[in-house]
Amino acid sequence: MKLAIIPDEFIQAAGVLKEIQAHGFEAYFVGGSVRDALLNQSIHDVDIATSAYPEEIKQIFPRTIDVGIDHGTVLALVGEEQYEITTFRTESTYQDFRRPDTVTFVRSLKEDLKRRDFTINALAMDVNGEIIDLFDGMSDLNQKIIRAVGNPKERFHEDALRMMRGLRFASQLDFTIEADTLAAIQEFHALLAKISVERIAVEFIKLLLGKNRKAALVPFIETECYQYCPELRTFGEALLNFSELPNQQIETESQAWALLLKTMQLKDNQIRNFMKAWKQSNQTIHDVQQLIYGLDKRLLADWQPLDLFNLGLKSALSVEKLLFYYGQNSKLEEVKERYSRLPIHDRKQLAVTGNDLLAYFNKKPGKWLGDMIETIESAVVNEQILNNKEKLLSFANEMIDKE
């Protein structure tokens with residue numbers, strides 16, 4: 001088969017393949033970019049595989065970086081672009097279930113493709129758009145099937161992360177995992193304990209953000225893979241409930257985590273520990289906590305001015321979009337309008353500062369100061385008092401007198 005229309009990303013990189021071929025070697029586009037082109041999806045990274053060894057690639061291209069030369073990968077800098085070029089290779093045993101003990105460079109495309117994870121990723125394309133399909137990947141693409149290349153038990157024993165990748169592809173592509181491949185995941189799911197949390201998290205987040213996450217979550221639960229993911233071992237029922245939420249694609253990582261954690265009914269003081277177990281950043285944790293706080297408020301009642309102020313417009317709109325999953329309608333335009341009408345949108349916009357209050361009361365800093373600023377802020381946001389320095393100082397004086 002030949003691609004009728006070759007995407008621009010391949011056309012732009014065609015010169016790299018031609019240059020390698022001009023030196024007497026084979027070169028092909030491989031992997032996910034070929035798969036996505038056949039599915040008419042956007043292409044991200046264009047990967048190139050070649051019969052040339054790394055040192056030979058470095059002789060062909062004057063500007064290179066050894067990004068993974070032990071595994072045959074050289075980054076070639078061509079004009080303003082950069083391309084990962086990897087030598088055809090075979091791999092030995094995998095003692096750690098993640099990385100091969102040794103890598104052997106070969107001159108055969110078939111030997112290289114047969115070590116790959118799934119048939120839909122074991123496709124290659126030449127510079128003219130001709131597809132090389134040695135493992136029936138095209139048939140599986142057409143039938144929307146995820147099937148391991150060769151023996152699935154061998155593929156997952158080599159690299160246990162492939163199980164999570166298979167589940168992730170089921171969600172991302174809206175495909176079904178082939179029976180033998182699924183059975184092998186069931187058999188080897190415990191090997192996920194050998195994989196780093198960071199790598200599992202990357203696949204899990206992509207799974208949650210896929211177009212059909214239910215297609216992945218159900219086998220994720222049934223194969224018991226979830227038991228070897230951080231903090232999920234006792235939450236099988238909650239995961240099933242989560243899979244039953246409306247199967248509309250989730251927009252952001254923070255929204256996905258928020259929906260999951262709310263379904264798990266974690267308490268406020270448990271959320272941070274859960275997210276840290278997944279090695280998530282402090283910023284992501286903060287964003288998720290904000291969304292859950294806002295969702296708890298919004299599911300019970302309409303927004304209060306102080307809620308909108310505390311969340312900010314971006315988080316408030318994000319919460320509104322999550323209402324769909326609970327059978328409620330969002331009010332995006334109304335929220336934008338109400339937020340725009342708030343007297344202030346940031347504490348820095350208050351007409352008085354901490355220094356103003358210290359000078360006015362001739363007092364030393366302490367807890368009283370933070371409490372006072374918070375009280376003033378709340379009063380301004382709720383339009384109980386104008387944001388005017390003189391009025392705010394007078395208001396503060398009244399608060400002090402009441403103590």
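This is a predicted model: local features need pLDDT of at least 70, side-chain atom pairs count only at pLDDT 80 or more; totals for chains, interfaces and linings use all residues.

Trainee: What makes the Lys-58 and Glu-55 contact a salt bridge?

Mentor: The N to O distance between their side chains is 3.9 Å. The cut-off is within 4 Å for a Lys or Arg nitrogen and an Asp or Glu carboxyl oxygen, so the label applies.

Trainee: And how are those two placed along the helix?

Mentor: Lys-58 and Glu-55 are 3 residues apart in helix H3, residues 54-60, so about one helical turn separates them.

Trainee: Why is Lys-58 called partly exposed?

Mentor: Buried means under 20% and exposed means over 50%, with partly exposed in between. Lys-58 has a relative accessible area of 27%, so partly exposed it is. Glu-55, at 47%, therefore gets that label too.

Trainee: What about Arg-107 and Glu-56, how do you know that they form a salt bridge?

Mentor: Their side chains meet at 3.1 Å, N to O, and the limit is 4 Å, so they qualify. This pair links distant parts of the chain: Arg-107 sits in the loop between strand S7 (103-105) and helix H4 (109-113), while Glu-56 is in helix H3, 51 residues apart.

Trainee: Is Glu-56 buried or partly exposed?

Mentor: Partly exposed: its relative accessibility is 22%, and buried would need a value under 20%. Arg-107 is partly exposed as well, at 39%.

Trainee: Which salt bridge involves Lys-114?

Mentor: Lys-114 pairs with Glu-111 at 3.4 Å, N to O. Lys-114 is partly exposed at 39%, and Glu-111 is partly exposed at 29%.

Trainee: How many salt bridges does the structure hold?

Mentor: It holds 27. Some join up: Glu-154, Arg-155, Glu-158 and Arg-162 are linked in a network.

Trainee: Which residues does the "binding site" annotation cover?

Mentor: Asp-45 and Asp-47, according to an unreviewed UniProt entry.

Terms used:
Residues are numbered from 1 along each chain as its sequence is written. Side-chain values use heavy atoms; hydrogens and water are left out. Helices (H or I, at least four residues) and strands (E, at least two) are DSSP runs, numbered from the N terminus. Buried means under 20% relative accessible area, exposed over 50%, partly exposed in between (1.4 Å probe, protein chains only). UniProt positions are given in the numbering used here, feature names are shortened, and annotations may be inferred rather than shown by experiment.
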